[in-house]
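This report concerns the sheets, aromatic contacts and nonpolar cores of one structure. The sequence and the model are shown first.

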Amino acid sequence: RELGSKIWSTASVSNDILIFGSLDHWVYGLDVNNGDTVWRYETGGAIASSPLVEDGTAYVGSFDSNFYAINAESGEEKWRFTESSNWYWGKPIFFEGYIYAASLDGKIYALESLTGNKKWESVTDGPIVGSPTVVRDMIIFGSTDGILYALTKTGTQHMSYGQSDPI
């Protein structure tokens with residue numbers, strides 16, 4: 001089946017709906033049984049970020065610098081976060097009611113999963129290309145500034161590890 005453009009993201013599945021983004025600006029929801037389009041959601045830019053599906057919601061960032069929460073069953077927008085000044089490349093994560101989304105603007109955002117309200121942001125000195133992870137209640141991520149960061153759930157820096165080359 002052909003879509004409008006290349007697909008750089010990894011798909012997620014929610015109740016027999018395969019969800020992924022494409023460089024054609026669309027997030028797709030396809031029926032896993034027959035490949036039929038269940039829904040499509042258009043963003044303002046290409047999507048390279050892999051969607052996270054949690055509690056019936058698909059979370060994904062776009063090259064339009066917006067981060068979206070989309071109903072995984074219907075494809076309807078639940079909320080949109082618009083404060084980033086650059087793209088989202090890495091897959092977001094869910095931890096204790098919050099979505100953690102890293103942006104190429106050098107910030108990681110802690111967003112309430114139900115509303116999209118920002119709890120906090122943490123700033124680095126370079127774009128964040130990869131995806132964050134959780135280790136022992138800390139949000140861990142690397143930045144192209146060459147530093148691996150470990151933040152508490154409140155956004156306080158717990159530790160950092162520097163490298164001479166970008167991560």
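The report treats the sheets, then the aromatic residues, then the cores.

The model is predicted: local features need pLDDT of at least 70, side-chain atom pairs count only at pLDDT 80 or more, and totals for chains, interfaces and linings use all residues. Residues are numbered from 1 along each chain as its sequence is written, and side-chain values use heavy atoms, with hydrogens and water left out.

**Sheets**

Strands here are DSSP runs (E, at least two residues), numbered from the N terminus, and two of them pair if DSSP finds at least two bridges between them. Strands β5, β6, β7 and β8 form, in the order β5-β6-β7-β8, an open sheet of 4 strands with antiparallel pairing. Because β5 (52-54) and β8 (77-81) each have a single partner strand, they stand at the edges, and one side of each is left without a neighbour in the sheet. From one strand to the next, the twist averages 20°, taken between N-to-C directions of axes fitted to C-alpha atoms, on a scale from 0 to 180 degrees. Strand β7 (residues 67-71) is joined to β8 by 4 bridges, and F67 has F81 of β8 as its bridge partner.

Another open sheet of 4 strands, also with antiparallel pairing, has the order β9-β10-β11-β12. Its edge strands, β9 (93-95) and β12 (118-123), each pair on one side only. The twist in this sheet averages 20° from one strand to the next. The table lists two of its antiparallel strand pairs.

| Strand pair | Bridges | A bridge pair | Residues between strands | Turn glycine and phi |
|---|---|---|---|---|
| β10 and β11 | 5 bridges | Y98 and E112 | 4 residues | G106, about 85° |

**Aromatic residues**

The structure holds 12 aromatic pairs. Rings of Phe, Tyr and Trp (its six-membered ring) pair if their centres lie within 6.5 Å; planes under 30 degrees apart count as stacked, over 60 as edge-to-face and the rest as tilted. The pair of W87 and W89 is stacked, because the ring centres are 6.2 Å apart and the planes lie at 20°. W87 is partly exposed, with 34% relative accessibility, and W89 is partly exposed at 31%; buried means under 20% relative accessible area, exposed over 50%, and partly exposed in between (1.4 Å probe, protein chains only). Together with W8 and F63, these two residues form one aromatic cluster.

Two charged residues sit over rings, a term that requires NZ of Lys or CZ of Arg within 6 Å of the ring centre and within 35 degrees of the ring normal. R40 places its charged end over the ring of W26, 3.7 Å from the centre. K119 lies over the face of Y98, 4.5 Å from the ring centre.

**Nonpolar cores**

A nonpolar core is a set of buried Ala, Val, Leu, Ile, Met, Phe, Trp, Tyr and Cys residues joined through side-chain atoms within 4.5 Å. The largest has 13 residues, of which Y100, I108, W120, I128, I139, F141 and L151 touch the most other members. Two or more residues come from each of β9, β10, β11, β14 (138-142) and β15 (147-151), and β10 gives the most, with 3 residues. Leaving aside residues up to four places away in sequence, I108 touches residues including Y100, W120, E121, P132 and F141, where contact means heavy atoms within 4.5 Å.
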